[in-house]
Amino acid sequence: KINDRWSPRDIIAHLIGWNRHIIKGSRQITNGELPFYDIDPGENYCNVNAVLIRDYSSKDKRELIKTLNESAQDLTQFLRSIEPDAWDRDFGVKNAGQVITIRNTMDELIEDYVHHTKQIEEWIVNMTAL
């Protein structure tokens, strides 16, 4: 479960960082290495996420959205460059006994986007009800 106490700014910082982490982590996977964020991540990646919230600390909404869009474009460009057979390939990377692939790594990011979209939609509904 993702921390429900995050602000919208924290969520955007989290997504910016994970867009970038997935690029680096996927490259590590293809090299047969455990992605850096899986090494001592803390419960539900709390340590990794705390660093992202600190690193992307701008309070300027436009700047954050611009950075989020840029990181998403970078991720999209990277994902398009992956050979189709590499998405599910076992490069020998395991974590907690589970094979780590580019696809299951991306699936987790997609789940994060779905979860956070629902959070933001709930905030909008609650704010307009005030």
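**Figure 1. Helix α1 crossing helix α2.** In this predicted model, helix α1 (residues 8-30) packs against helix α2 (residues 46-55) at an angle of about 110°, and their axes sit 8 Å apart. Angles of 65 to 115 degrees count as roughly perpendicular, so that is the label for α1 and α2. On the α1 side, look for Arg 9, Asp 10, Ala 13, His 14, Gly 17, Trp 18 and His 21. Facing them from α2 are Val 48, Asn 49, Leu 52 and Ile 53. Sorted by class, the contact of α1 with α2 has five nonpolar, four polar and two charged residues.

**Figure 2. Helix α1 alongside helix α4.** Here α1 meets helix α4 (residues 102-128), with an angle of about 175° between them and their axes 10 Å apart. That makes the two helices, α1 and α4, roughly antiparallel. From α1, the contact draws on Pro 8, Ile 11, His 14, Leu 15, Trp 18, Asn 19, Ile 22, Ser 26, Ile 29 and Thr 30. The α4 side brings Ile 102, Thr 105, Met 106, Leu 109, Asp 112, Tyr 113, His 116, Gln 119, Ile 120 and Trp 123. By class, the contact of α1 with α4 comes to twelve nonpolar, seven polar and one charged residues.

**Figure 3. Tyr 45 in its loop.** Most residues other than glycine have a negative phi. Tyr 45 isn't a glycine, yet its phi is positive, at about 60°. You'll find Tyr 45 in the loop between α1 and α2.

**Figure 4. Ala 96 between the two strands.** Ala 96 is another residue other than glycine with a positive phi, in this case near 55°. Its spot is the loop between β1 (94-95) and β2 (98-99). With a relative accessible area of 81%, Ala 96 is exposed.

Figure 5. Gln 73 belongs to helix α3 (residues 61-80). At 54% relative accessibility, Gln 73 counts as exposed, since the cut-off for that label is over 50%. How many residues apart along the chain are Gln 73 and Asn 19? The answer is 54, while their C-alpha atoms are separated by 9.1 Å.

**Figure 6. Stepping back to the whole chain.** Zoomed out, the protein has four helices and two strands. Reading from the N terminus, the order of elements is α-α-α-β-β-α. The C-alpha trace spans about 50 × 30 × 25 Å along its principal axes. A compact globule with 130 residues would have a radius of gyration near 14 Å, and the 16 Å of this protein agrees with that. Of the 130 residues, 39% count as buried. The protein exposes about 8200 Å², and carbon and sulfur atoms supply 53% of that area. Among contacts with a separation of 6 or more, 72% come from residues 24 or more positions apart.

Definitions and conventions
Residues numbered from 1 in each chain as written. Predicted model: local features only at pLDDT ≥ 70, side-chain atom pairs only at ≥ 80, totals over all residues. Heavy atoms only, no water. Axes fitted to C-alpha atoms, helices over the stretch in contact; angles between N-to-C directions. Parallel < 35°, antiparallel > 145°, perpendicular 65-115°, else oblique. Contact = heavy atoms within 4.5 Å. Nonpolar A, V, L, I, M, F, W, Y, C, P; charged D, E, K, R; others polar. Rg over C-alpha atoms; globule rule 2.2 N^0.38 Å. Buried < 20%, exposed > 50% of the residue type's maximum accessible area, 1.4 Å probe, protein only. Areas by Shrake-Rupley, 256 points an atom, 1.4 Å probe, with all protein chains shown as cover.
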